[in-house]
Amino acid sequence: MVVKILASQAYKSASRSLLVAYLLLLVAWPIVTVYVKGFSLGWKPFWDEISGPIAWKSILLTVKLSVVTTIIQAVIGTLIAYVLVRYSFRGRMLLSSLVDLPFALPTSVAGLMFLTLLGPSSPLGDWLNRIGVQLLYNQTAIVIGLTFVTFPFVVRTVQPLLEQLDASEEQASYTLGAGRGYTFRHVVLPAIVPGILAGSMLAFSRALAEFGAISLISGNLPGKTMVVSVFIYGETQNFRPEGAAALSAVLLTLSLIVLWAINTLTRGKGRLG
């Protein structure tokens, strides 16, 4: 018995050591390297890099459009999750599978899809151009691309909470004369708010760093449609690793803040998925 206990403790200790080593080598070390490189020339050069006219505009544009995307996902993602859980219809399983498509699809392929769909040579793109609607090479294109790549987050965090919610509570509300809108606001919504917030913050964090799809459909105009990830790529191409690392440190900091907020939000409330 003593031998088994010692062996079990040794196994747990080895597992913890392996996990810590994994996190240090593949997560913490690269993150620290980015910060070290970003500040390698000192605080003033770091600030000069991120406060330059084009760099600063790219940061503001990225944050602004990420917020817009997050709001869209909070609304649409919640509605889709509700439909998937509460309604049975033909094609439901197909729709549920399509929700996860952005996870599996390379984002550059997503950008090419939108180029093919909305480009001037396509029937839809030609029709949109004739009525004066431009959905490529502008900020609208960026929102479209970000909405696609962040689509699953809110759906997949809200869906488990809806599945755990007893449908009889909604039926009781209907029985007492409440409408669907009142029931959703006062019975369903309070139970899924943590999932909506967590999924929205994950979508926001993901939108901050998107590159593949955006680089193809935004036009990458400095100060107008150039997001931070594209600016960082340009810095590396121009052999300015310190500048690229400085902007990367900004994105990393924002993402870490978002992840900290998610952990704080969900602490003590159980798993969301």
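## Largest pocket

Ala, Val, Leu, Ile, Met, Phe, Trp, Tyr, Cys and Pro count as nonpolar, Asp, Glu, Lys and Arg as charged, and the others, Gly among them, as polar. By that scheme, the lining of the largest pocket in this predicted model divides into 7 nonpolar residues, 4 polar and 1 charged. The volume of this pocket is about 220 Å³.

Its lining is made up of Leu202, Ser205, Arg206, Leu208, Ala209, Ser229, Ile232, Ser248, Leu251, Leu252, Ser255 and Leu259. Arg206 in this list is the charged residue, because Arg belongs to the charged class. Three helices each supply at least two residues of the lining: H11 (180-208), H13 (228-237) and H14 (241-266). The helix that gives the most is H14, with 5 residues.

## Nonpolar cores

The largest nonpolar core has 29 residues. Within this core, the residues with the most contacts are Ile50, Ile142 and Leu247. Two or more residues come from each of helix H2 (43-51), helix H3 (53-86), helix H8 (139-149), H11, H13 and H14. H14 provides the largest share of this core, 9 residues. The helix therefore has a part in both features: H14 also gives the most to the lining of the largest pocket.

Ile142 can be followed through its contacts. With neighbours within four places in sequence left aside, Ile142 is in contact with Leu61, Leu65, Ile214, Ser218, Thr225 and Val227.

## Positive phi angles

Most residues other than glycine have a negative phi.

Asn220 is not a glycine, yet has a positive phi of about 55°. Asn220 lies in the loop between helix H12 (212-217) and H13. With a relative accessible area of 23%, Asn220 is partly exposed, because partly exposed covers the range between under 20% (buried) and over 50% (exposed).

Phe239 likewise is not a glycine and has a positive phi, of about 60°. The loop that holds Phe239 runs between H13 and H14. Phe239 is exposed, with a relative accessible area of 75%.

Technical notes: Residues are numbered from 1 along each chain as its sequence is written. This is a predicted model: local features need pLDDT of at least 70, side-chain atom pairs count only at pLDDT 80 or more; totals for chains, interfaces and linings use all residues. Side-chain values use heavy atoms; hydrogens and water are left out. On a 1 Å grid over the protein atoms alone, a cavity is a set of points where a 1.4 Å probe fits but cannot get out, and a pocket is an open set with protein on both sides within 12 Å along at least five of seven lines; lining residues have an atom within 4 Å of a point. Grid points are joined across faces, edges and corners, and a volume is the space filled by probe spheres set on the points. Helices (H or I, at least four residues) and strands (E, at least two) are DSSP runs, numbered from the N terminus. A nonpolar core is a set of buried Ala, Val, Leu, Ile, Met, Phe, Trp, Tyr and Cys residues joined through side-chain atoms within 4.5 Å. Buried means under 20% relative accessible area, exposed over 50%, partly exposed in between (1.4 Å probe, protein chains only). Contact means heavy atoms within 4.5 Å.
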